[in-house]
Amino acid sequence: MAAVSQLQRQFVDYTTSLYNEEYLDDQFTQLQKLQDESNPDFVVEVVSLFFEDSEKLLNNLATALQQTSVDYKQVDSHVHQFKGSSSSIGAKRVTNVCVHFRNFCEEKNLDGCLRCLQQVKHEYILVRTKLEALFRLEQQILQAGGSVPVME
Amino acid sequence: MGVISISETPLHVLAVDDSNIDRKLIERLLKTLSYQVTAVDSGSKALEFLGLQDVENFQSFSPNPELEVNLIITDYCMPGMTGFELLRKIKETKSLKDIPVVIMSSDNIPARISRCLEEGAEEFFLKPVRMSDVDKLKPFLSKSERKTTGDEECVSNDNSIAIYDDDVNDDDDVEVWSDEDEQRQMFSEDQSC
């Protein structure tokens with residue numbers, strides 16, 4: 001059982017750091033609260049949708065910003081979607097970049113937009129990596145016969 | 001948990017949101033309160049579901065009693081028809097106007113909120129919507145018309161009890177949209193979606 005409690009400790013520490021560093025916010029906790037025996041994979045399902053959505057949005061943003069005549073309304077529409085979806089899963093840092101990104105869209109500032117695109121891509125990759133690590137840790141705990149600690 | 005009679009129809013919520021993530025979220029939230037949920041991705045699909053045929057021309061409306069809706073919860077910013085436009089159309093349709101409508105938005109714009117409430121929305125939730133928001137829906141759902149067989153207890157996870165009047169559904173006339181209605185532009189001043 002020592003292995004399980006070690007994994008559980010790791011899980012708690014890792015999750016805590018993710019919240020402290022604002023990779024995740026309370027909305028992620030809300031998602032976890034919606035997971036139960038009848039919906040055991042709820043969090044993974046929602047987060048997977050987020051990953052799929054985000055990849056599409058990042059591609060769409062890159063394409064939109066590469067146009068000779070950039071349609072800032074279109075760019076803003078993609079960012080708005082990204083802001084919404086990241087906020088819905090609690091990916092705080094991604095949401096924060098989206099807020100700045102929208103301001104640059106409003107100003108029709110191409111440089112600002114391109115920088116934000118790089119930033120949002122970077123933050124997305126970070127949170128995706130961390131969430132994947134978190135899910136792996138959960139699986140390890142479950143496979144070792146333990147239960148995943150509930151974060152408050 | 002209250003007593004549930006076998007003949008009881010669960011409360012039915014129509015959720016409208018163009019985001020698949022948010023649809024999944026709102027559906028899950030509503031289902032924790034044992035509501036039946038239909039989720040659609042646009043205002044026009046919502047109106048179709050509610051029985052408004054030929055949405056573009058608003059030529060005819062036929063309420064479908066099989067698919068009674070007790071509450072509509074809709075996102076504000078959607079391509080095509082906004083949540084505000086959907087709200088307006090619902091409030092202007094005799095057979096639909098009594099269905100409570102709730103608006104959700106990721107943007108906290110006071111003017112938007114007051115406009116929606118003035119137009120008849122019962123509540124305005126800021127996204128991301130959470131359990132504490134959905135809990136606020138209970139009183140609206142207990143007041144709305146539904147097929148009942150006398151008193152019954154609210155299907156929910158808490159201990160509160162809602163007693164329903166034995167209302168008979170109105171036999172509303174088929175709503176026909178006049179040319180005037182059709183021409184009336186429903187552009188919201190708030191273009192910041």
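This is a predicted model: local features need pLDDT of at least 70, side-chain atom pairs count only at pLDDT 80 or more; totals for chains, interfaces and linings use all residues.

Colleague: Which feature does UniProt list for residues 39–134 of chain A?

Modeller: The name comes from the record, in an unreviewed entry. For residues 39–134 of chain A, UniProt gives "domain: HPt".

Colleague: How many helices and strands does chain B have?

Modeller: From the N terminus on, its elements run β-α-β-α-β-β-β-α-β-α-β-α-α-α. The secondary structure of chain B therefore comes, by runs of helix and strand, to seven helices and seven strands.

Colleague: In what order do the five strands of the open sheet in chain B lie?

Modeller: The pairing in this sheet is parallel. Its edge strands, each pairing on one side only, are S2 (36–40) and S7 (123–126) of chain B. Neighbouring strands are turned by 20° against each other on average, direction ignored. The order in chain B is S2-S1-S5-S6-S7.

Colleague: Which residue in S5(B) is the bridge partner of B:Ala15?

Modeller: Strand S1 (residues 12–16) and strand S5 (residues 71–75) of chain B run parallel and are joined by four bridges. In S5(B), the partner of B:Ala15 is B:Ile73.

Colleague: What angle does helix H1 of chain B make with S2(B)?

Modeller: Helix H1 (residues 20–32) of chain B packs on the sheet and touches S1, S2, S5 and S6 (101–105) of chain B. The direction of H1(B) makes an angle with that of S2(B) of about 170°.

Colleague: And at what angle to S1(B) does helix H2 of chain B run?

Modeller: Helix H2 (residues 43–50) of chain B lies across S1, S2 and S5 of chain B. Relative to S1(B), H2(B) runs at about 155°.

Colleague: Is B:Asp75 buried or exposed?

Modeller: The place of B:Asp75 is in strand S5 of chain B, and UniProt, in an unreviewed entry, puts "modified residue: 4-aspartylphosphate" there. Leaving aside neighbours within four places in sequence, B:Asp75 is in contact with several residues, including B:Asp17, B:Asp18 and B:Lys127. Its relative accessible area is 5%, and the cut-off is under 20%, so B:Asp75 is buried.

Colleague: Is B:Asp133 buried or exposed?

Modeller: B:Asp133 lies in helix H5 (residues 131–134) of chain B. Not counting residues up to four places away in sequence, B:Asp133 touches B:Phe125, B:Leu126 and B:Pro128. Because its relative accessible area is 12%, B:Asp133 counts as buried.

Colleague: How far apart are the C-alpha atoms of B:Asp133 and B:Val16?

Modeller: Along the chain, B:Asp133 and B:Val16 are 117 residues apart.

Colleague: How do H4(A) and H1(B) pack, in angle and in distance between axes?

Modeller: Two packed helices are described by the angle between their axes and the distance between the axes. Helix H4 (residues 72–89) of chain A passes H1(B) in a left-handed crossing. For H4(A) and H1(B) the angle is about 35°, and the axes are 9 Å apart.

Colleague: Which residues of H1(B) meet H4(A)?

Modeller: By class, the contact of H4(A) with H1(B) has three nonpolar, two polar and one charged residues. From H4(A) come A:Ser85, A:Ser88 and A:Ile89. In H1(B), they meet B:Ile21, B:Asp22 and B:Leu25.

Conventions. Residues are numbered from 1 along each chain as its sequence is written. Chains are lettered from A and ligands numbered from 1 in the order in which they are written. Side-chain values use heavy atoms; hydrogens and water are left out. Two strands pair if DSSP finds at least two bridges between them. Helices (H or I, at least four residues) and strands (E, at least two) are DSSP runs, numbered from the N terminus. Axes are lines fitted to C-alpha atoms, for helices over the stretch in contact, and angles run from 0 to 180 degrees between N-to-C directions. Contact means heavy atoms within 4.5 Å. UniProt positions are given in the numbering used here, feature names are shortened, and annotations may be inferred rather than shown by experiment. Buried means under 20% relative accessible area, exposed over 50%, partly exposed in between (1.4 Å probe, protein chains only). A crossing is left-handed if the near helix is turned anticlockwise from the far one by less than a right angle, and right-handed if clockwise. Ala, Val, Leu, Ile, Met, Phe, Trp, Tyr, Cys and Pro count as nonpolar, Asp, Glu, Lys and Arg as charged, and the others, Gly among them, as polar.
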